[in-house]
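Me: I have a chain to read and would like to go through it feature by feature. Where do we begin?

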Amino acid sequence: MKSRVGDLGSELGEAATPKMVRTGTPSFASDVDVSFIGPLSTQHRNAAIRLVEEEFGPGWKKLLDADIFADPARMHLFEEPLKKLGGKTARDAGKRIVKEAELNVFAKMLRDNMPVDEVKRLATAAGVDMAEVTARSGELKKLSTDYLANELRKGTPTTEVEKMAKDMHVDFADVQKHLAGGDQLYKQMELELDALHSQFALADKAGDVAGQARIGEQMAAIQGKLNASISGPYMTPGGGAKHVSRRERALRPDGSFVPMSPILGYTAVLDDLYMLTHALPEKAFDEKAAKGMAKYADRLLVTAGQFGVEMKGSKRALFDDMAVLLERARLEKDKPALEKAISALDGAKGQLNQQLGEIIAGAKKNATEYLKDLTFAGFTEKTIASLGLQIARISGIVLRKELPSDAPPP
């Protein structure tokens with residue numbers, strides 16, 4: 001397989017060697033994510049997938065517990081140019097970027113057959129019009145259908161595509177009908193991203209900040225729709241930044257810490273919200289459901305907490321035990337311990353549902369207030385101070401876990 005990866009450049013007619021980075025949790029128990037970097041990352045990604053499919057077949061993702069992505073920074077390349085521009089230009093762009101993220105997240109919830117009333121309640125908390133959410137849901141459905149038609153076009157077995165269609169809530173008959181029409185909208189948008197990324201690099205070289213900001217916003221909008229139409233990738237600038245670009249040292253421009261603005265923080269909360277609602281079990285809890293709820297509830301609440309939005313009163317205490325519950329869920333032999341946690345999980349799920357709207361509204365308010373003046377120096381100070389508080393809280397939890405049960409509190 002290693003030699004096949006080396007053929008990527010020659011297959012695409014490119015002299016430059018494709019650059020890829022392993023992302024995600026570096027654990028044997030975790031899946032393997034790989035991201036290609038740079039203006040040709042879509043073409044490199046698709047070529048790599050073709051090679052992997054030739055080697056391992058269409059079920060390679062499940063077999064290898066792996067996935068391959070294009071450059072995650074495309075979701076938020078607008079950041080630096082907008083910081084430099086500031087003023088009304090940056091404020092207006094920020095509002096559009098936030099709106100795109102909101103529409104994609106709530107539309108994907110709708111596509112996943114989440115009850116309309118639940119989606120409406122969450123969208124209303126964010127100040128989003130459900131008519132626009134419904135319209136975006138239709139756009140995503142077209143992209144999903146086109147994506148699946150292309151799977152048939154490239155030779156993926158029909159039974160495999162039928163299963164994918166079921167998981168993506170797409171009527172397989174629509175996929176077959178679309179295939180006959182010959183349209184390839186998803187692929188066209190992917191290639192448009194590569195073209196825009198090249199234009200962004202040229203604008204950067206020319207010192208065209210306004211051009212960079214405009215192109216970066218276009219890229220985020222296109223990538224967000226593409227990601228929202230399929231299973232797996234983060235669909236907001238904040239989700240991609242928090243869980244991939246900011247997390248992976250190899251993906252940071254100089255390896256240093258870069259704080260997230262309230263805009264990215266809010267959209268990250270939305271992405272974590274989607275993952276949590278997607279993970280919540282409709283029926284009985286099991287190990288997988290417990291792991292999903294623990295993982296995504298903790299992610300959402302930590303992100304929201306970093307931007308000043310916490311669960312009220314003692315309800316937060318339930319989620320301080322999520323790390324312990326996650327460990328139990330990962331140990332298949334510890335089923336008795338997991339069963340004892342079911343009642344606590346049930347209570348946590350109910351309390352979380354009650355406050356999700358408040359958490360969303362709070363994070364949105366934070367982002368809206370930030371957009372009023374875009375004082376980046378003040379934002380950086382607040383973010384670092386908030387981060388310090390989070391580290392202190394987490395350190396306290398770790399100490400309580402490590403100290404003997406009869407030791408005095410730290």
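Reply: With secondary structure. The chain comes to 19 helices and three strands. Helices (H or I, at least four residues) and strands (E, at least two) are DSSP runs, numbered from the N terminus. This is a predicted model: local features need pLDDT of at least 70, side-chain atom pairs count only at pLDDT 80 or more, and totals for chains, interfaces and linings use all residues. Residues are numbered from 1 along each chain as its sequence is written, and side-chain values use heavy atoms, with hydrogens and water left out.

Me: What share of the 410 residues is buried?

Reply: Buried means under 20% relative accessible area, exposed over 50%, partly exposed in between (1.4 Å probe, protein chains only). Here buried residues make up 48% of the chain.

Me: How do I read the contacts?

Reply: Contact means heavy atoms within 4.5 Å. Take contacts between residues at least 6 apart in sequence: 74% of them join residues at least 24 apart.

Me: At what angle do α6 and α14 pack?

Reply: Axes are lines fitted to C-alpha atoms, for helices over the stretch in contact, and angles run from 0 to 180 degrees between N-to-C directions. Angles under 35 degrees count as roughly parallel, over 145 as roughly antiparallel, 65 to 115 as roughly perpendicular and the rest as oblique. α6 (residues 87–111) and α14 (residues 262–279) pack at about 0 degrees, axes 10 Å apart. The two are therefore roughly parallel. Residues in this contact include V98, V105 and F106 of α6, and I263, L270 and Y274 of α14. By class, the contact has ten nonpolar, three polar and three charged residues. Ala, Val, Leu, Ile, Met, Phe, Trp, Tyr, Cys and Pro count as nonpolar, Asp, Glu, Lys and Arg as charged, and the others, Gly among them, as polar.

Me: Which residues of α9 are buried?

Reply: In α9 (residues 158–167), V161, M164 and A165 are. They fall within an arc of 100 degrees seen down the axis, so they line one face of the helix. The arc is that of the directions from the helix axis to the C-beta atoms. These buried residues pack against α8 (130–153) and α10 (172–181). The face turned away from the buried side carries the exposed T159 and K166. Just after α9, H169 takes a positive phi of about 60 degrees.

Me: Is Q223 buried or exposed?

Reply: Its relative accessibility is 10%, so Q223 counts as buried. Q223 lies in α12 (residues 209–228). Leaving out residues up to four places away in sequence, Q223 touches R74, M75 and L193.
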